[in-house]
Amino acid sequence: MRILVVEDEEKVASFVARSLREKTWAVDIATTGRQALEAGRNAEYDLILLDLRLPDMDGLEICRRLRQEGVETAILMLTARGMVDERVQGLDAGADDYLVKPFALAELHARIRALGRRGLGRGVVLRFGDLTLDRRRRRVERAGQPVALTQKEFALLEFLMVQAPETVARSEIVEHVWDSSFDSGSNLVEVYVNRLRQKVDHGHPVKLLHTVRGVGYRLGLES
Ligand code: CA
């Protein structure tokens with residue numbers, strides 16, 4: 001899942017971003033309303049974390065404009081304590097949920113997981129064949145045996161499982177699993193897919209992770 005953090009206070013932005021990256025999410029930061037609008041129009045984001053207090057533009061206005069332009073990305077807004085009107089206006093402007101500042105990181109993560117599930121569908125535990133991925137406990141098992149994955153491998157597998165059995169283009173993987181610092185000339189996706197394949201398929205007669213030549217990757221049950 002890829003998240004856009006909109007927050008003008010750089011310390012807060014980088015603190016929040018770091019905590020989200022630790023949860024395996026890919027994160028980009030916008031520190032002005034203009035940047036937020038520009039980035040928010042990109043469909044690759046699965047969620048926008050939107051601070052309503054920005055120096056150059058009202059967060060409510062950003063929310064309204066994105067919705068008017070047909071952007072359907074989940075929006076979680078950050079509001080000030082006691083500002084009930086603001087919350088109501090935010091939800092009316094098209095935000096999906098809100099969190100009151102200051103907030104506990106654990107609550108932020110829980111809200112993001114809930115919104116992410118709504119957007120990406122299919123509940124807490126994803127299943128494909130004898131492979132299961134528990135999003136809440138961040139655990140993966142193949143045929144009942146635990147599979148130890150790094151955070152990035154986990155995020156990649158989660159994305160493939162949500163899309164399964166559709167083929168996922170390499171560019172889609174880059175957009176949803178990596179952030180904007182990704183070097184598009186690199187072969188990092190291939191490297192990660194190969195590592196994931198080693199961990200998920202090695203020693204099993206049925207291979208789940210398949211390469212679709214010239215297109216991308218998909219999960220399938222054929223051997
Ligand atoms: Ca602010």
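Is Thr24 buried or exposed? Select Thr24 and look. This is a predicted model. Thr24 is buried, with a relative accessible area of 6%. That value falls under the 20% cut-off, so the residue counts as buried. Thr24 sits in the loop between α1 (10–22) and β2 (26–30). Check the backbone too: phi of Thr24 is near 80 degrees, a positive value in a residue other than glycine. Most residues other than glycine have a negative phi.

**Stop 1: strand β3**

Select residues 47–51. This is strand β3, and 5 of its 5 residues are buried.

Strand β1 pairs with β3 in the parallel sense, over 4 bridges. Find Val5: its opposite number in β3 is Leu49.

β3 and β4 run parallel and are joined by 5 bridges. Asp51 has Leu78 of β4 as its bridge partner. To see how the chain gets from β3 to β4, show helix α3 (residues 59–68), which lies on the path between them. This β-α-β crossover is right-handed.

**Stop 2: the calcium ion**

Which residues coordinate the calcium ion? They are Asp8 (OD), Asp51 (OD) and Arg53 (O), at 2.2 to 2.4 Å. Along the chain, the donors follow the spacing D-x42-D-x1-R.

Asp51 is buried, at a relative accessible area of 2%. Arg53 has 41% relative accessibility and counts as partly exposed.

**Stop 3: helices α2 and α3**

The axes of α2 and α3 come within 10 Å and cross at roughly 20 degrees. Angles under 35 degrees count as roughly parallel, so α2 and α3 are roughly parallel to each other. Their crossing is right-handed.

**Stop 4: the four-stranded sheet**

Move on to β6, β7, β8 and β9. These 4 strands form an open sheet in the order β6-β7-β8-β9, with antiparallel pairing. Why does one side of β6 and of β9 lack a neighbour in the sheet? β6 (125–128) and β9 (145–147) stand at the edges, each with a single partner strand, so one side of each has no neighbour in the sheet. On average, neighbouring strands here are turned by 25 degrees against each other, direction ignored.

Zoom in on residues 139–142, strand β8. β8 and β9 pair in the antiparallel sense over 3 bridges. Arg142 has Gln145 of β9 as its bridge partner.

Next, select Arg138, in the loop between β7 (131–134) and β8. Arg138 is not a glycine, yet its phi is positive, at about 55 degrees. Arg138 is partly exposed, with a relative accessible area of 25%.

**Stop 5**

Most peptide bonds are trans. Here are two to inspect.

- Select Lys101 and Pro102. The peptide bond joining them is cis, with omega about -5 degrees. Pro102 lies in the loop between β5 (97–101) and α5 (105–120).
- Select Ala164 and Pro165. The peptide bond from Ala164 to Pro165 is cis, with omega near 5 degrees. Look for Pro165 in the loop between α6 (151–163) and β10 (168–169).

Conventions:
Residues numbered from 1 in each chain as written. Predicted model: local features only at pLDDT ≥ 70, side-chain atom pairs only at ≥ 80, totals over all residues. Heavy atoms only, no water. Buried < 20%, exposed > 50% of the residue type's maximum accessible area, 1.4 Å probe, protein only. Helix = DSSP H or I, 4+ residues; strand = E, 2+ residues; numbered from the N terminus. Pairing = 2+ DSSP bridges. Right-handed = clockwise from strand over helix to strand, strands pointing away. Donors = N, O, S within 2.8 Å, 3.2 Å for Na, K, Ca; no water. Axes fitted to C-alpha atoms, helices over the stretch in contact; angles between N-to-C directions. Parallel < 35°, antiparallel > 145°, perpendicular 65-115°, else oblique. Left-handed = near helix turned anticlockwise from the far one by under 90°.
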